[in-house]
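Here is a short briefing for a first look at this protein.

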Amino acid sequence: MSRANDATIRPFLKWAGGKYRIIERIRELLPEGERLVEPFVGSGAVFLNTHYPTYLLADSNPDLINLYRTLRTEGAAFIAYCKRNFTARNNSAESYYRLREVFNTTRDVRRKSALFVYLNRHGYNGLCRYNARGRFNVPFGRYKRPYFPEREMWLFHEKAASARFVLGDFTTVLGDTHAGDVVYADPPYLPLSRTANFTSYSAGVFTLEDQLRLVQLAEQAAQRGVPVLVSNHDTEFVKRDYRNAHITRFPVQRFISRDGANRRPAREVLALFA
Ligand SMILES: C[S@@+](CC[C@H](N)C(=O)[O-])C[C@H]1O[C@@H](n2cnc3c(N)ncnc32)[C@H](O)[C@@H]1O
(Lines give C-alpha, C1' and ligand atoms only; values in the text may rest on other atoms or scores of the structure.)
Protein backbone atom coordinates (compact mmCIF):
# COMPACT_ATOMS: atom_id res chain seq x y z
CA MET A 1 0.00 0.00 0.00
CA SER A 2 2.88 2.34 0.78
CA ARG A 3 4.10 3.84 -2.47
CA ALA A 4 7.00 5.87 -1.13
CA ASN A 5 10.33 4.50 -2.36
CA ASP A 6 13.95 4.87 -1.24
CA ALA A 7 14.39 8.04 -3.24
CA THR A 8 11.46 9.74 -1.48
CA ILE A 9 12.54 12.57 0.82
CA ARG A 10 11.00 12.42 4.27
CA PRO A 11 9.76 15.68 5.78
CA PHE A 12 11.61 16.62 8.99
CA LEU A 13 8.33 17.11 10.88
CA LYS A 14 5.84 14.43 11.84
CA TRP A 15 2.50 15.73 10.60
CA ALA A 16 -1.05 14.37 10.84
CA GLY A 17 -2.26 13.85 7.29
CA GLY A 18 1.29 14.03 5.90
CA LYS A 19 1.38 12.83 2.31
CA TYR A 20 4.75 11.09 2.37
CA ARG A 21 3.21 7.64 1.90
CA ILE A 22 1.11 8.49 -1.14
CA ILE A 23 3.58 10.76 -2.84
CA GLU A 24 3.77 8.63 -6.01
CA ARG A 25 -0.01 8.85 -6.53
CA ILE A 26 0.11 12.61 -6.18
CA ARG A 27 3.09 12.99 -8.49
CA GLU A 28 1.36 10.97 -11.20
CA LEU A 29 -1.60 13.37 -11.19
CA LEU A 30 0.07 16.76 -10.75
CA PRO A 31 0.30 18.64 -14.06
CA GLU A 32 3.49 20.43 -15.06
CA GLY A 33 3.79 24.16 -14.44
CA GLU A 34 6.10 27.02 -13.55
CA ARG A 35 5.17 27.21 -9.86
CA LEU A 36 3.58 24.80 -7.40
CA VAL A 37 1.28 26.48 -4.89
CA GLU A 38 0.44 24.60 -1.68
CA PRO A 39 -2.14 26.48 0.43
CA PHE A 40 -1.96 23.78 3.18
CA VAL A 41 1.74 22.91 3.14
CA GLY A 42 1.93 21.03 6.50
CA SER A 43 5.17 19.02 6.58
CA GLY A 44 5.86 19.75 2.90
CA ALA A 45 5.98 16.15 1.62
CA VAL A 46 4.78 17.21 -1.84
CA PHE A 47 7.10 20.24 -2.01
CA LEU A 48 10.10 18.03 -1.15
CA ASN A 49 9.29 15.38 -3.72
CA THR A 50 8.40 17.40 -6.81
CA HIS A 51 10.53 19.44 -9.22
CA TYR A 52 8.83 22.74 -10.06
CA PRO A 53 11.03 25.76 -10.80
CA THR A 54 9.47 27.68 -7.87
CA TYR A 55 7.06 27.15 -4.96
CA LEU A 56 4.57 29.20 -2.96
CA LEU A 57 4.06 27.36 0.32
CA ALA A 58 1.38 28.56 2.71
CA ASP A 59 -0.30 27.47 5.90
CA SER A 60 -2.43 29.12 8.57
CA ASN A 61 -0.16 27.87 11.38
CA PRO A 62 2.24 30.73 12.28
CA ASP A 63 4.63 28.45 14.21
CA LEU A 64 5.09 26.27 11.15
CA ILE A 65 5.68 29.16 8.75
CA ASN A 66 8.09 30.91 11.16
CA LEU A 67 10.06 27.68 11.49
CA TYR A 68 10.31 27.25 7.71
CA ARG A 69 11.41 30.85 7.22
CA THR A 70 14.07 30.55 9.90
CA LEU A 71 15.38 27.29 8.45
CA ARG A 72 15.37 28.76 4.95
CA THR A 73 17.41 31.80 5.98
CA GLU A 74 19.79 30.30 8.52
CA GLY A 75 20.38 26.71 7.41
CA ALA A 76 23.27 24.98 9.22
CA ALA A 77 23.44 27.42 12.15
CA PHE A 78 19.74 26.94 12.93
CA ILE A 79 19.93 23.14 12.53
CA ALA A 80 22.80 23.04 15.06
CA TYR A 81 20.77 25.27 17.38
CA CYS A 82 17.75 22.91 17.15
CA LYS A 83 19.98 19.90 17.81
CA ARG A 84 21.00 21.29 21.19
CA ASN A 85 17.51 20.57 22.55
CA PHE A 86 17.77 16.86 21.70
CA THR A 87 19.61 15.65 24.81
CA ALA A 88 18.91 12.65 27.04
CA ARG A 89 18.21 15.12 29.84
CA ASN A 90 15.50 16.87 27.83
CA ASN A 91 13.76 13.56 27.16
CA SER A 92 11.80 13.56 30.42
CA ALA A 93 8.29 14.69 31.29
CA GLU A 94 9.68 17.41 33.54
CA SER A 95 11.90 18.94 30.84
CA TYR A 96 9.20 18.50 28.20
CA TYR A 97 6.60 20.48 30.17
CA ARG A 98 9.16 23.15 31.06
CA LEU A 99 10.19 23.59 27.43
CA ARG A 100 6.56 23.51 26.30
CA GLU A 101 5.93 26.41 28.69
CA VAL A 102 8.90 28.30 27.22
CA PHE A 103 7.48 27.66 23.75
CA ASN A 104 4.10 29.04 24.82
CA THR A 105 5.48 32.20 26.42
CA THR A 106 8.62 33.25 24.51
CA ARG A 107 8.57 36.08 21.99
CA ASP A 108 11.85 34.94 20.48
CA VAL A 109 10.86 33.51 17.08
CA ARG A 110 14.15 31.64 16.62
CA ARG A 111 13.85 29.95 20.03
CA LYS A 112 10.19 29.17 19.46
CA SER A 113 10.94 27.66 16.04
CA ALA A 114 13.64 25.40 17.49
CA LEU A 115 11.30 24.33 20.28
CA PHE A 116 8.62 23.48 17.69
CA VAL A 117 11.02 20.84 16.30
CA TYR A 118 11.70 19.57 19.84
CA LEU A 119 7.97 19.35 20.68
CA ASN A 120 7.21 17.62 17.39
CA ARG A 121 9.65 14.79 18.20
CA HIS A 122 9.06 14.54 21.97
CA GLY A 123 5.29 15.11 22.15
CA TYR A 124 2.60 12.46 22.00
CA ASN A 125 2.28 10.93 18.51
CA GLY A 126 3.89 13.96 16.88
CA LEU A 127 0.60 15.79 17.23
CA CYS A 128 0.27 19.53 16.81
CA ARG A 129 -2.64 20.74 18.88
CA TYR A 130 -3.49 24.04 20.56
CA ASN A 131 -6.13 24.97 23.12
CA ALA A 132 -8.69 27.73 22.61
CA ARG A 133 -6.17 30.32 23.85
CA GLY A 134 -3.70 29.20 21.20
CA ARG A 135 -1.37 27.39 23.62
CA PHE A 136 0.32 24.21 22.43
CA ASN A 137 -1.05 21.47 24.72
CA VAL A 138 0.18 18.07 23.46
CA PRO A 139 1.34 15.80 26.34
CA PHE A 140 4.79 14.22 26.66
CA GLY A 141 5.29 11.35 24.19
CA ARG A 142 7.59 8.98 26.14
CA TYR A 143 9.83 8.03 23.22
CA LYS A 144 12.94 6.06 24.06
CA ARG A 145 15.33 8.04 21.92
CA PRO A 146 13.72 10.79 19.83
CA TYR A 147 15.31 11.14 16.42
CA PHE A 148 16.84 14.46 15.46
CA PRO A 149 16.05 14.93 11.75
CA GLU A 150 19.32 16.62 10.80
CA ARG A 151 19.59 15.29 7.26
CA GLU A 152 15.90 15.96 6.58
CA MET A 153 16.18 19.54 7.83
CA TRP A 154 19.21 20.07 5.63
CA LEU A 155 17.38 18.76 2.52
CA PHE A 156 14.44 21.02 3.33
CA HIS A 157 16.78 24.01 3.71
CA GLU A 158 18.42 23.33 0.34
CA LYS A 159 15.14 23.03 -1.50
CA ALA A 160 13.65 26.03 0.29
CA ALA A 161 15.83 28.33 -1.85
CA SER A 162 13.16 27.92 -4.56
CA ALA A 163 10.26 28.60 -2.18
CA ARG A 164 8.40 31.52 -0.66
CA PHE A 165 6.62 30.85 2.63
CA VAL A 166 3.37 32.62 3.35
CA LEU A 167 1.28 32.71 6.51
CA GLY A 168 -2.38 32.90 5.67
CA ASP A 169 -5.75 31.42 4.96
CA PHE A 170 -6.15 29.23 1.87
CA THR A 171 -8.74 31.62 0.43
CA THR A 172 -6.19 34.42 -0.04
CA VAL A 173 -3.52 32.10 -1.43
CA LEU A 174 -5.82 30.38 -3.93
CA GLY A 175 -7.30 33.69 -5.03
CA ASP A 176 -3.80 34.92 -5.92
CA THR A 177 -2.93 32.19 -8.42
CA HIS A 178 -2.49 32.78 -12.15
CA ALA A 179 -1.70 30.94 -15.40
CA GLY A 180 1.51 28.91 -15.04
CA ASP A 181 0.64 27.92 -11.47
CA VAL A 182 -0.38 24.43 -10.38
CA VAL A 183 -2.08 23.99 -6.99
CA TYR A 184 -1.92 21.02 -4.64
CA ALA A 185 -4.51 21.51 -1.88
CA ASP A 186 -4.47 19.16 1.10
CA PRO A 187 -6.95 20.59 3.62
CA PRO A 188 -7.78 19.13 7.04
CA TYR A 189 -10.19 16.37 6.10
CA LEU A 190 -13.82 16.07 7.02
CA PRO A 191 -13.91 13.75 10.03
CA LEU A 192 -14.88 10.15 9.23
CA SER A 193 -16.29 9.93 12.73
CA ARG A 194 -16.50 12.31 15.68
CA THR A 195 -13.50 10.77 17.42
CA ALA A 196 -11.35 10.88 14.31
CA ASN A 197 -11.40 14.66 14.06
CA PHE A 198 -8.07 16.18 13.05
CA THR A 199 -9.00 19.76 12.51
CA SER A 200 -6.89 21.09 15.39
CA TYR A 201 -3.58 21.97 13.67
CA SER A 202 -3.93 25.55 14.82
CA ALA A 203 -6.44 27.36 17.01
CA GLY A 204 -9.04 27.53 14.21
CA VAL A 205 -11.33 24.79 12.98
CA PHE A 206 -11.80 23.76 9.36
CA THR A 207 -15.56 23.70 8.80
CA LEU A 208 -17.83 22.28 6.13
CA GLU A 209 -18.19 25.85 4.81
CA ASP A 210 -14.40 25.96 4.39
CA GLN A 211 -14.55 22.70 2.43
CA LEU A 212 -17.22 24.18 0.15
CA ARG A 213 -15.27 27.41 -0.27
CA LEU A 214 -12.25 25.37 -1.33
CA VAL A 215 -14.30 23.62 -4.03
CA GLN A 216 -15.60 26.98 -5.26
CA LEU A 217 -12.10 28.50 -5.38
CA ALA A 218 -10.71 25.39 -7.10
CA GLU A 219 -13.38 25.65 -9.80
CA GLN A 220 -12.67 29.36 -10.30
CA ALA A 221 -8.91 28.73 -10.52
CA ALA A 222 -9.46 25.98 -13.10
CA GLN A 223 -11.44 28.48 -15.19
CA ARG A 224 -8.42 30.83 -15.08
CA GLY A 225 -6.25 27.99 -16.42
CA VAL A 226 -4.81 26.98 -13.02
CA PRO A 227 -5.21 23.23 -12.35
CA VAL A 228 -5.98 22.34 -8.71
CA LEU A 229 -5.43 18.86 -7.27
CA VAL A 230 -7.33 18.34 -3.98
CA SER A 231 -6.92 15.52 -1.44
CA ASN A 232 -9.71 14.20 0.77
CA HIS A 233 -11.29 11.05 2.19
CA ASP A 234 -13.78 9.34 -0.03
CA THR A 235 -17.10 10.49 1.47
CA GLU A 236 -20.59 11.50 0.33
CA PHE A 237 -19.34 15.10 0.31
CA VAL A 238 -16.76 14.20 -2.33
CA LYS A 239 -19.34 12.42 -4.50
CA ARG A 240 -21.65 15.41 -4.42
CA ASP A 241 -19.39 18.45 -4.25
CA TYR A 242 -16.40 17.34 -6.33
CA ARG A 243 -18.66 16.45 -9.26
CA ASN A 244 -16.84 18.84 -11.62
CA ALA A 245 -13.47 17.24 -10.92
CA HIS A 246 -11.71 14.21 -12.33
CA ILE A 247 -11.62 11.79 -9.35
CA THR A 248 -9.02 9.12 -8.56
CA ARG A 249 -9.79 6.78 -5.63
CA PHE A 250 -7.40 4.43 -3.80
CA PRO A 251 -7.01 2.75 -0.38
CA VAL A 252 -4.65 4.09 2.31
CA GLN A 253 -3.67 3.08 5.82
CA ARG A 254 -4.10 5.85 8.38
CA PHE A 255 -1.29 6.08 10.90
CA ILE A 256 -2.07 9.04 13.11
CA SER A 257 -5.29 8.55 15.01
CA ARG A 258 -6.51 9.24 18.52
CA ASP A 259 -7.49 5.63 19.13
CA GLY A 260 -6.00 2.48 17.70
CA ALA A 261 -9.39 1.23 16.52
CA ASN A 262 -9.46 3.91 13.84
CA ARG A 263 -6.23 2.70 12.25
CA ARG A 264 -8.05 0.87 9.51
CA PRO A 265 -7.72 1.29 5.78
CA ALA A 266 -9.83 4.08 4.33
CA ARG A 267 -10.33 5.25 0.80
CA GLU A 268 -8.56 8.37 -0.28
CA VAL A 269 -9.48 10.70 -3.11
CA LEU A 270 -7.43 12.91 -5.40
CA ALA A 271 -9.69 15.31 -7.30
CA LEU A 272 -8.31 17.28 -10.22
CA PHE A 273 -10.13 20.51 -11.07
CA ALA A 274 -8.79 21.49 -14.50
C1 LIG B 1 -3.62 17.65 5.98
S2 LIG B 1 -2.50 18.89 6.53
C3 LIG B 1 -1.44 19.07 5.14
C4 LIG B 1 -0.44 17.98 5.07
C5 LIG B 1 0.64 18.15 4.00
N6 LIG B 1 0.16 17.92 2.66
C7 LIG B 1 1.79 17.21 4.29
O8 LIG B 1 2.15 16.38 3.44
O9 LIG B 1 2.31 17.28 5.41
C10 LIG B 1 -3.50 20.34 6.54
C11 LIG B 1 -2.77 21.66 6.83
O12 LIG B 1 -3.69 22.74 6.66
C13 LIG B 1 -3.40 23.78 7.57
N14 LIG B 1 -4.63 24.60 7.69
C15 LIG B 1 -5.74 24.39 8.45
N16 LIG B 1 -6.68 25.31 8.21
C17 LIG B 1 -6.17 26.14 7.26
C18 LIG B 1 -6.65 27.31 6.58
N19 LIG B 1 -7.88 27.81 6.82
N20 LIG B 1 -5.85 27.89 5.65
C21 LIG B 1 -4.61 27.41 5.40
N22 LIG B 1 -4.08 26.32 6.02
C23 LIG B 1 -4.86 25.70 6.93
C24 LIG B 1 -2.97 23.06 8.83
O25 LIG B 1 -2.15 23.87 9.65
C26 LIG B 1 -2.23 21.82 8.25
O27 LIG B 1 -0.84 22.04 8.18
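Helix axes here are lines fitted to C-alpha atoms over the stretch in contact, and angles run from 0 to 180 degrees between N-to-C directions. The model is predicted. The protein has 10 helices and seven strands. Of its 274 residues, 36% count as buried.

**Helices H3 and H6**
- Helix H3 spans residues 62-74, and its axis comes within 9 Å of the axis of H6.
- The two axes cross at roughly 105°.
- Angles of 65 to 115 degrees count as roughly perpendicular, so H3 and H6 are roughly perpendicular to each other.
- On the H3 side, the contact is made by Asp63, Asn66, Leu67 and Thr70.
- H6 contributes Val109, Arg110, Lys112, Ser113 and Phe116.
- By class, this contact of H3 with H6 has three nonpolar, three polar and three charged residues.

**The largest nonpolar core**
- The largest nonpolar core has 62 residues.
- Leu57, Val183, Ala185, Ala218, Val228, Val230 and Ala271 touch the most other members.
- Helix H6 (residues 109-122) gives the largest share of this core, six residues.
- Domain 1 (20-60 + 168-273) and domain 2 (70-151) both give residues to the core, so it lies between them.

**Contacts along the chain**
- Leaving aside neighbours within four places in sequence, Val230 is in contact with Ala185, Leu214, Ala218, Ala271 and Phe273.
- Among contacts in the protein with a separation of 6 or more, 67% join residues 24 or more positions apart.

Definitions and conventions. Residues numbered from 1 in each chain as written. Predicted model: local features only at pLDDT ≥ 70, side-chain atom pairs only at ≥ 80, totals over all residues. Core = buried A, V, L, I, M, F, W, Y, C linked by C-beta atoms within 7 Å. Buried ≥ 20, exposed ≤ 12 C-beta atoms within 10 Å, placed from the backbone. Helix = DSSP H or I, 4+ residues; strand = E, 2+ residues; numbered from the N terminus. Domains from an automatic or database assignment. Contact = placed C-beta atoms within 7 Å. Parallel < 35°, antiparallel > 145°, perpendicular 65-115°, else oblique. Nonpolar A, V, L, I, M, F, W, Y, C, P; charged D, E, K, R; others polar.
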